[in-house]
Amino acid sequence: MRAIQLYMPLVGLLAVSAAATPAEAAEVIAFGDAWASGGAPRLQAALTTAGLAGLVVDDRGTAGATAEYYATVATGTVAQALAANPDAQWMWISVGFDDLVNRYPGEDVLQVGAANDANLRAVLAQAFALRPDLRVVMFGYDYTNYEQSAACLIQLASDFGVTATQLEVNTFTVGAIGAVMQGIADDFPNVTYLPLYGTLQVAAGGTADPTQPSPATLMADCTTPNTAGFDALMAALVTGYWGQGQPTAVATANPTTICDGDLVTFTSLSTNNEGQLWRLGGVVTSTQATWVVALTGVGTATVNLEAYNRAYTDTATVTVTINACLDAGVPDAGFPDAGFPDAGFPDAGFPDAGFPDTGVFPDAGFPDAGFPDTGILPDAGFPDAGFPDTGILPDTGVLPDTGILPDAGFPDTGVLPDDAGFPDTGVLPDDAGFPDAEVDAGFPDAEVDAGFPDAEVDAGFPDTGILPDTGVLPDTGVLPDTGVLPDTGVLPDSGVTPDSGVAPDAQAGVFNDITITGDGCACDSTTDHTSDRAPWAALGVLGLLAVRRRRR
């Protein structure tokens, strides 16, 4: 097999020129080595069996070709395959095993793997440069069978060394090829690695076992499957890759009408997809299901969504209308400013009347009446009546300066007034012992207290500081002398009989210890009796009543 590699440049060119061109342009390109060329017709059959007969396969495989060969020598091979199939959406790439054979054991598995990685990436770069949306699938290989014959054992010693075993070859194949393809697929959203190691073992009725070779019944030689083997492999490829079904792309935008520079949230509601790509102006801008972006430029913005899984891609388009809104030159993240600038807190259009703003409360456009602003409360446009501003309450000329109540010009003694010179006992006054009905000390109560007019002045006596001398209420602090109600605070005098203040006798009005005897009227007698003592008894009763009344 090593000798074959010496002639690969020439053989490859001949193979490419002789490659069969399908009657119609294909959707699937089988590209690579002998596995690609041997598997291409079986892939076509598998697609037809799966109900995908509309997908035509173009065989672009060359036996013995390597990843290094396509990356460094036949660099135009990928371009030729794509040019022959302008509608191709998929490429199955099968290269790498012959790279392992050529490099080992001169290089260890890690070195071979690194070389395969670089060469495969170079091949993909060629393809994506011409067809960015091309979908690529790789499955590596299945296990070989170097144990099926003596000829294969000799080939094993030639390919991997005289001490090599089938187990080592299986391990080398997975490590230097399968792991490399998986790493590449992780880096490219439109590249899929679908490992099929053990497929032939399962197809023959066994289980996948990395320590064993593939069944000889499904192998055409030591390293390549026969038709039945390729049928099993291609069926697994179609089921695992194309058989998953197409996604449905659904894109939404919120809002769909904005001001220039506002934010828009795009959301993918796609189904049966493994990922998505958002494109704005043909450039991929996000791979997330939800994408938020500020859109600029008055007009219409068109955003494309590509929802994809391993084999298929579906697209959707959403448009956003961008209007020129009045934002005062300041972007507001979607909230219009109604014409007001966003500079912190606006002044609402009210001037400060020429006075500097203290930073405490604004003057709200009301003049300060010529007085400076203290920074406590504004003067609200009310004049200070010529008095300086204390910062507490303005001197309006109505309320006095003391902050308490006006004294009407009388000094404050701090005690209760004596009301016409009588000492304050701390109890209710009894009006100096004078009858309460009409006068106090012989003077009419409605007008004066001891000769001093109560309605106007306090007879020159100092104010207590408790209640102000308003000229309306008296100074007693208890009840005013209205001339209607008395000063006792108990009950008013009726003006008929003054109250002595003594409770009436419990036996008042009852004849105690008096027995009337004689021939007066007997209530239980029907006989008329007369007595010469009856008139005197009556006079005695009248005398007692007179004495009783005198006592009262």
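This report walks through the aromatic pairs and salt bridges of a predicted model.

## Aromatic pairs

Let us start with the rings. The structure contains 19 aromatic pairs. One of them brings together tyrosine 241 and tryptophan 242 in an edge-to-face arrangement, with 4.8 Å from centre to centre and 85 degrees between the planes. Tyrosine 241 and tryptophan 242 are both buried.

Another pair to look for is phenylalanine 266 with tryptophan 278: the ring centres are 5.8 Å apart and the planes meet at 50 degrees, so this pair is tilted. Phenylalanine 266 sits in strand β8 (residues 263-268) and tryptophan 278 in strand β9 (residues 275-280), so the pair ties together parts that are twelve residues apart in sequence. Phenylalanine 266 has a relative accessible area of 0% and is buried. Tryptophan 278 is likewise buried, at 0% relative accessibility.

## An aromatic cluster

Some rings gather into a group. Trp35, Phe97, Tyr104, Tyr141, Tyr146, Phe160, Phe172 and Phe230 make up one aromatic cluster.

## Salt bridges across the chain

Now for the charged residues. Side chains of opposite charge can pair when their charged atoms come close. Across the whole structure, a search finds nine salt bridges.

One of these joins aspartate 231 to arginine 42, with 2.5 Å between the closest N and O atoms. Aspartate 231 belongs to helix α11 (residues 227-240) and arginine 42 to helix α3 (residues 34-49), so the pair ties together parts that are 189 residues apart in sequence. Aspartate 231 is partly exposed, at a relative accessible area of 29%, and arginine 42 is partly exposed too, at 25%.

## Bridges that involve loops

Aspartate 133 and arginine 279 also form a salt bridge, at 3.6 Å from N to O. Here aspartate 133 lies in the loop between α7 (109-130) and β4 (135-138), while arginine 279 is in strand β9, so the bridge ties together parts that are 146 residues apart in sequence. Arginine 279 has a relative accessibility of 17%, so this residue counts as buried.

A further salt bridge connects the side chains of glutamate 274 and arginine 310 (3.4 Å, N to O). Glutamate 274 is found in the loop between β8 and β9, and arginine 310 in the loop between β12 (299-308) and β13 (313-323); the pair links distant parts of the chain, 36 residues apart. Arginine 310 is partly exposed, with a relative accessible area of 26%.

Definitions and conventions
Residues are numbered from 1 along each chain as its sequence is written. This is a predicted model: local features need pLDDT of at least 70, side-chain atom pairs count only at pLDDT 80 or more; totals for chains, interfaces and linings use all residues. Side-chain values use heavy atoms; hydrogens and water are left out. Rings of Phe, Tyr and Trp (its six-membered ring) pair if their centres lie within 6.5 Å; planes under 30 degrees apart count as stacked, over 60 as edge-to-face and the rest as tilted. Buried means under 20% relative accessible area, exposed over 50%, partly exposed in between (1.4 Å probe, protein chains only). Helices (H or I, at least four residues) and strands (E, at least two) are DSSP runs, numbered from the N terminus. A salt bridge is a side-chain nitrogen of Lys or Arg within 4 Å of a carboxyl oxygen of Asp or Glu.
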